[in-house]
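Welcome! Have a look at the sequence and the 3D picture below, and then read on for a short tour.

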Amino acid sequence: MALFQRLLLLSLLLPLSAAAADSIAQYCSKSFKSKQTQANIDHVLADLVASASVGGFATASSGKGASGIYGLAQCRGDVSAEDCSTCLADAAKKLPTTACPSQADGRIWYDYCFMRYDNENFVGQSDTSVATILYNVENATDPQNFDKKVGVVMRRARADAVAPGNNALGRAKLQFTPYITIYALAQCTRDLQQLTCAQCLSSAVEMFPDYCQHRKGCRVLYSSCMVRYEIYPFYFPLDSTKTTAAVGTYYKATLHP
Ligand SMILES: *[C@@H]1O[C@H](CO)[C@@H](O)[C@H](O)[C@H]1NC(C)=O
């Protein structure tokens, strides 16, 4: 729980209707001045867009020593190739310019993708140092029971994410009432081993009691994994038995070192 001592809480309301296109969060650190570092960032980003647009995941590196840059890009495993490449192109454009100009550690989160670079090699390591949490301003009815069922469906999604052959993506749903279905998604970056992925996801759901209790929907975004649940279909293929209603309003909390 040491993380909470470094808490920075931004209570802001997101107009979630635009969520698929706008970035959700960004994190930047390590200011630099070197032209070589910038050149390596540009090179890594171009590489990431080209290769991750094909398979939905890529790592890249450019340069050595003090100016060397490592990068990772990943789309949520359920989004289409077209949505994926659009998201990656947006991320690569925004990250080094408006999001994190002249920063050697830059990370950006979208609904459909995540992109990151750093001057240290982070690939294969779980990073839970930076968290963004979005939680619905509204609470569920029958909240104790609801939270219990969120735990059940989230365990299924997590188990699915660490099962071999699933590209670190887990999806599950559970009928809460005849009218309410809970949808859950768990995703790790694909550079993680299964055990490391499981640990990251478990750390993410440990945030639930502090931020997501009773909430109709909630997500925890780390740099190495994410978990999310909602009472409307949000992952693909969309549940055609339900209509996607208005998604509501969310508070955003950001935690970082
Ligand atoms: C929702 O539940 C949380 C956790 O119990 C509580 O702190 C909050 O005030 C509730 N919000 C509403 C809108 O009822």
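The model is predicted, so local features need pLDDT of at least 70 and side-chain atom pairs count only at pLDDT 80 or more, while totals for chains, interfaces and linings use all residues. Residues are numbered from 1 along each chain as its sequence is written, and side-chain values use heavy atoms, with hydrogens and water left out.

**The two domains**
- The chain is assigned domain 1 (25-118) and domain 2 (130-255); such bounds come from an automatic or database domain assignment.
- Their C-alpha centres are 25 Å apart.

**Where the domains touch**
- In contact (heavy atoms within 4.5 Å) are 18 residues of domain 1 and 20 residues of domain 2.
- The size of an interface is often given as the accessible area lost when the parts come together.
- Here domain 1 and domain 2 bury about 1500 Å², with 57% of it on carbon and sulfur atoms; this is the accessible area (1.4 Å probe) that two parts lose on being put together, summed over both.
- R76, D78 and W109 provide 36% of the area that domain 1 buries against domain 2, more than any other three residues.

**Salt bridges across the boundary**
- Between domain 1 and domain 2 there are 2 salt bridges, each a side-chain nitrogen of Lys or Arg within 4 Å of a carboxyl oxygen of Asp or Glu.
- The side chains of R219 and D111 form a salt bridge at 3.5 Å, N to O.
- R76, D78, D111, R219, R228 and E230 are joined in a network of salt bridges.

**Other salt bridges**
- The structure holds 12 salt bridges.
- R107 makes a salt bridge with D127, with the closest N and O atoms 3.1 Å apart.
- Because R107 lies in strand β5 and D127 in the loop between β6 and β7 (131-136), this pair ties together parts that are 20 residues apart in sequence; strands (E, at least two residues) are DSSP runs, numbered from the N terminus.
- R116 also makes a salt bridge with D127, with the closest N and O atoms 3.0 Å apart.
- R116 lies in strand β6, so its pairing with D127 ties together parts that are 11 residues apart in sequence.
- Both R107 and D127 are buried, and R116 is buried too.

Definitions and conventions:
Helix = DSSP H or I, 4+ residues; strand = E, 2+ residues; numbered from the N terminus. Buried < 20%, exposed > 50% of the residue type's maximum accessible area, 1.4 Å probe, protein only.
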